[in-house]
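Trainee: I have not looked at this structure before, and I would like to learn how to read its features one at a time. Could we begin with the charged side chains?

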Amino acid sequence: MSAEATNPATPGPVAPATPRRRSRPRIDLRRLVGAALLGPASRGRLPDAIGHVVEVHRAHHPDADLETLRRAYVLAESSHRGQTRKSGEPYITHPLAVTLILAELGAETTTLTASLLHDTVEDTDVTLDQVGEQFGAEVRYLVDGVTKLEKVDYGAAAEPETFRKMLVATGNDVRVMSIKLADRLHNMRTLGVMRPEKQARIAKVTRDVLIPLAERLGVQALKTELEDLVFAILHPEEYERTRELVVENASRADDPLAEFADAMRAILRDAGIQAEVLIRPRHFVSVHRFSRKRGRMRGSDFGRLLVLVNEDADCYAVLGELHTCMTPVVSEFKDFIAVPKFNLYQSLHTAVAREDGQVAEVLIRTHQMHKVAEAGVVALGNPYPAPPEDQTGERSAADEERVDPTRPGWLSRLLDWQEAAPDPDTFWSVLREDLAQDREITVFRPDGGTLGLPDGATCVDAAYAQYGEDAHACIGARVNGRLATLSTVLRDGDTVQLLMGQDPASEPSREWLDHAHTPAARIAIQRWLATHPAPAEPQDSAPAQDPGAAKAAEETARSTADPSAADTPAPPPGAAVTVVGRPDATVRLAGCCTPVPLDDITGFLVRGGVVTVHRAECAAVARMASAGREEADVSWGDTTGCRVSLVAESFGRPHLLADLTEAMALEGAEIVSATVEPPSQQRVRHTYTVQLPDAAHLPALLRAMRNVPGVYDVDRAQHHAQASAETA
């Protein structure tokens, strides 16, 4: 925001704009510059500069009161008059552009009013009290929520504390974060005038914090464009290669997606279903991810088909017709209407194939679902009643305590744990780690209540989510009626009964850190450990000759901030990893990605002098780097024997297990451990830890397992890794 305000006499150079993924309605800056320099229009007449905003706003809200917008523009324009952006345009063009972005998403008038004024308190002489007096308590609250804290007062902590302030404000009114996201999108669109190092810094914060927040709030229209802009800045070479792929596909003589769309329109027309079939091109980051995952892309891979209908029942009618008249890819079906995502998203997902091998992904949703899918919380309008005000215009006590009853569970958890992280550095690193967890599950308590937890959470996390620091006294759990260890990973829909001890002096086990997946649990356990340090070893004892001390040292080494190293077997003999400059370092292979010789690897130094080793593409690598973990230069030793975990997905059939283990034995794999989960919908999931004499045999082993009848997929285990945008 204020970083772009400059002295009018020293405008910055104009850099080429970053290429965009698709054409969107935009403000004509030249027209706005002229309108802004002319000053406000006469009272009662809308200024020309906000004509674009008004036109878009009326399309969503025909009965909107435009007088408030007129007054907000007049105050913003007069306050920012004389200020310019680094590109040389009058500064007023920035709040206008931010407001237009929100208007396009369907934001209501109060949000647009606050977005016009969002920089006035930060960059001009306008005060929050003046905003409240002229526009009411709601607008005052929103403007205050997005106003940055001063570096003069907070120093290096200004940025993390500003985000903490915005998140707390978002807990009471999600429109605060809507304005911040639109503000960052416009700044990213015009980031070309900044120095490269500043572009990279802003892009990294956008990648680590704002893009995950946009995803969680369901604002896909902002999230996808932010992803592409970050991609272009942080990975210019990969961005250019992806752009070339898209251009090459656009020059094709045929368009498989258009042919699929025509066929679907005919099918639905014959069935008497009123529907709109659209082609949705993938944005650049999506194309990049798809090409890395699938390899060479076909014409139908560059987009998806969107079918829009009027009623929920029509969605299932469309699905039935497409599966009847076309060849469905059953494994691609997902029902997010019956079970919406945690960010409000609803759609039916399926895919259909034709004889030449082209496969088209299909999204089926109502027009209202589509609006929410694009705009997320912005599409909900104003979830709050008008705040009561006394005669002086001040906010009432009731308004101070208002809470959004629809606030998502992840935001409630974030607000809870941030109170326990007073240190800005801790808050900033844990925030990024928390936002990297992009799936949520719901588990049930015996009393009928629910707990919202991130995917991968354990009974330890459930205990601290339910009881806070009283969870130190937890002694066990029942999951779906059966006794379970606290390290048990929970699944969506599980019922969890936590067993609490009666001793008020109960203490958490140091091993709980290995199983704590949520920031709230980790912070509570780490705080207890910090106030109850482990007894120091006697100086005259030799750890190598003291089994008890050796076990304590091992436990200390495992209690690190790298959860992916938990429960990982030591590297097998001969498969040593060399740590450059640390020949005597203790090395652990990360359980999240099970690296084997010939993999590209990265090492991180964790507590206790241990070096954890990850595959270079492991999702945990980015989280460890963003948390400030020290990297260690690692390489494989001379021998190539390895231990690796594999996950096989299969259909249930007699003798499958015998056939699969026989195929593994024929490839020379020694099975160290095996787990077969109960069948679900005639599908079975097997997890094997195997010892191989040579990592080069791994591809042949995977092929042999996939060739067993009934097995439809085999891959390396990814125990704790979260899906992550490799490029964002």
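Mentor: Let us start with one pair, and keep in mind throughout that this is a predicted model. The side chains of E617 and R615 meet in a salt bridge, with 3.1 Å from N to O.

Trainee: How many salt bridges does the structure hold, and which other pairs could I look at?

Mentor: The structure holds 31 salt bridges, among them one between R265 and D262, whose closest N and O atoms are 2.9 Å apart. Both residues belong to helix α15, which spans residues 256-270, and because they are three residues apart there, about one helical turn separates them. R265 is partly exposed at 33% relative accessibility, and D262, with a relative accessible area of 47%, is partly exposed as well. Another pair is D447 with R445, where the closest N and O atoms lie 3.2 Å apart. In that pair D447 is exposed, with a relative accessible area of 57%, while R445 is partly exposed at 22%.

Trainee: Which residues gather in a patch of positive charge on the surface?

Mentor: A patch of this kind is built from charged residues that have no salt bridge, and here K293, R294, K334 and K341 gather in one on the surface. K293 has its place in helix α16, residues 284-294, and its relative accessible area of 68% makes it exposed.

Trainee: Turning from the surface to the inside, which residues of helix α22 are buried, and what covers them?

Mentor: Helix α22 runs over residues 459-467, and its buried residues are C459, V460, D461, A462, A463 and Y464. The cover over the buried residues includes the strands β8 (450-454), β9 (474-479) and β11 (496-500), together with the helices α23 (512-515) and α24 (519-531). After α22 comes G468, which has a positive phi, near 65 degrees.

Trainee: Where does a positive phi occur in a residue other than glycine?

Mentor: N480 is such a case, with a phi near 55 degrees. This residue lies in the loop between β9 and β10, the latter covering residues 482-484, and at 47% relative accessibility N480 counts as partly exposed.

Trainee: Finally, how should I place these details within the whole chain?

Mentor: The chain has 28 helices and 21 strands, and buried residues make up 50% of its 728 residues. To see how far along the sequence the contacts reach, take those between residues at least 6 apart: 70% of them join residues at least 24 apart. The accessible surface of the chain comes to about 33,700 Å², and carbon and sulfur atoms account for 51% of that surface.

Key
Residues numbered from 1 in each chain as written. Predicted model: local features only at pLDDT ≥ 70, side-chain atom pairs only at ≥ 80, totals over all residues. Heavy atoms only, no water. Buried < 20%, exposed > 50% of the residue type's maximum accessible area, 1.4 Å probe, protein only. Helix = DSSP H or I, 4+ residues; strand = E, 2+ residues; numbered from the N terminus. Contact = heavy atoms within 4.5 Å. Patch = residues over 30% accessible without salt bridge, like charges linked within 9 Å, V, L, I, M, F, W, Y side chains within 5 Å. Areas by Shrake-Rupley, 256 points an atom, 1.4 Å probe, with all protein chains shown as cover. Salt bridge = Lys/Arg side-chain N within 4 Å of Asp/Glu carboxyl O. Lys, Arg positive; Asp, Glu negative; His and termini not counted. Charge placed at Lys NZ, Arg CZ, Asp CG, Glu CD.
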